[in-house]
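Me: I would like to learn to read nonpolar features in a model. Please take me through one.

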Amino acid sequence: MASYQIRGRDPLLDRNTQAILERRGTELLGIGLLILALLMAMLLGSYTPNDPNWLMATDAPAQNWLGRFGAMIASPLIFIVGLASWGFVATFAAWGLRLVLHRGDERILQRIVFAPIAVALVSAYAASHAPGPAWSHSVGLGGMFGNTVLGAVLGVAPLPAAIGLKILAFLLAIASVALSLFALGFTKPELHRIGRFLLVGMVLLYDTGLRLMGRAASGASQGAQNIASRQAERHAERRDARRAAGAEAGYDDALIYSDAEPLMVPGQETAQETAHAPARVVRAESHYEQDWAPASDDHDQGEFVEEYVEEERKTGLFARMPSLLKR
């Protein structure tokens, strides 16, 4: 029996082309998930309870950014899971980035199926908190699903309601964080790198703050030194100017003025300096010679008077003229 060798068909596209097409398709899928996350954020962020929805019929125009369609989707999400509906936005955004950047995109099918469970846990955890005044719904923050699950668990727990609520909220918080990280595709090495990045960032931020504070303190100290040096220079300039003015006026700078006291020249001091400066007396030397010195005691004065009387008796008016003129 004869056998014939049949030549196989060549593939339509080679391996490199197939890999490129697969890569581009993954990126397009990631972009689609990012757009879906953006639309979800818009309809949830602009949600208004008075918009027309499945539970309310009204002719008023919808205030939702996506119109009636967005109001029809946002209303059941908020009513069922409450604030946990933002978990869908986080899921779409995280996997969209992973597909675009090709970071762990091979784990999408094994991880994304746990996203609804993570949203349910977040809804039960949100229901354990009291709503604020801005929450205008009849259900709690976790929606109808969160209230139902939380009430059922507290009903079977062998603990008082207050203590059981605190313990259950703590356990739900840990379970929600752990399952959400798993559903978003995070692995232990990625979490380690993220924690290291945050720790290094905090250290660098702290170091930068200390450096800025040190520079500010150094600048303040330098500014104080500059101000002190400028004041000293101005004081020296005023002192030199007043000394020069005193020298021009004919005062002896070495005998009248000292370096420790500011120089005061009559007619040039300011009103403030005149008001606060101590009174200073400048004595000028006599430019004429005395012909007779004052008597030092009473005995000398008596002798001087007797001599003057005798001289007046002995001489006449014309004889005393030279001495009177001299005096």
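Reply: Start with the largest nonpolar core, which has 12 residues: Ala37, Met40, Leu43, Leu44, Tyr47, Ala74, Leu77, Ile78, Val89, Ala126, Trp135 and Leu141. H1 gives four of them, the largest share. H1 and H2 each supply at least two. The model is predicted: local features need pLDDT of at least 70, side-chain atom pairs count only at pLDDT 80 or more, and totals for chains, interfaces and linings use all residues. Residues are numbered from 1 along each chain as its sequence is written, and side-chain values use heavy atoms, without hydrogens and water.

Me: What makes a set of residues a nonpolar core?

Reply: The general idea: in soluble globular proteins, nonpolar side chains tend to be buried together. A core is a set of buried Ala, Val, Leu, Ile, Met, Phe, Trp, Tyr and Cys residues joined through side-chain atoms within 4.5 Å. Buried means under 20% relative accessible area, exposed over 50%, partly exposed in between (1.4 Å probe, protein chains only). Here, another core lies apart from the largest one; it has five residues, among them Ala127, Leu150, Leu168 and Leu172.

Me: Which residues does alanine 37 contact, leaving aside neighbours within four places in sequence?

Reply: Contact means heavy atoms within 4.5 Å. Alanine 37 touches Val89, Phe92 and Ala93.

Me: How many helices and strands are there?

Reply: Both are DSSP runs, numbered from the N terminus: helices are H or I with at least four residues, strands E with at least two. The chain has 12 helices and zero strands. Of its 327 residues, 22% are buried.

Me: Is leucine 55 buried or exposed?

Reply: Leucine 55 counts as exposed because its relative accessibility is 65%. It sits in the loop between helix H1 (15-45) and H2.

Me: How do I read an aromatic pair?

Reply: A pair of aromatic rings is described by the distance of the centres and the angle of the planes. Rings of Phe, Tyr and Trp (its six-membered ring) pair if their centres lie within 6.5 Å; planes under 30 degrees apart are stacked, over 60 edge-to-face, the rest tilted. This rule gives one aromatic pair. The ring centres of phenylalanine 114 and phenylalanine 182 are 5.2 Å apart and the planes are at 75°, so the pair is edge-to-face. Phenylalanine 114 is in the loop between helix H4 (108-111) and helix H5 (115-127), and phenylalanine 182 is in helix H7 (residues 161-183), so the pair ties together parts 68 residues apart in sequence.
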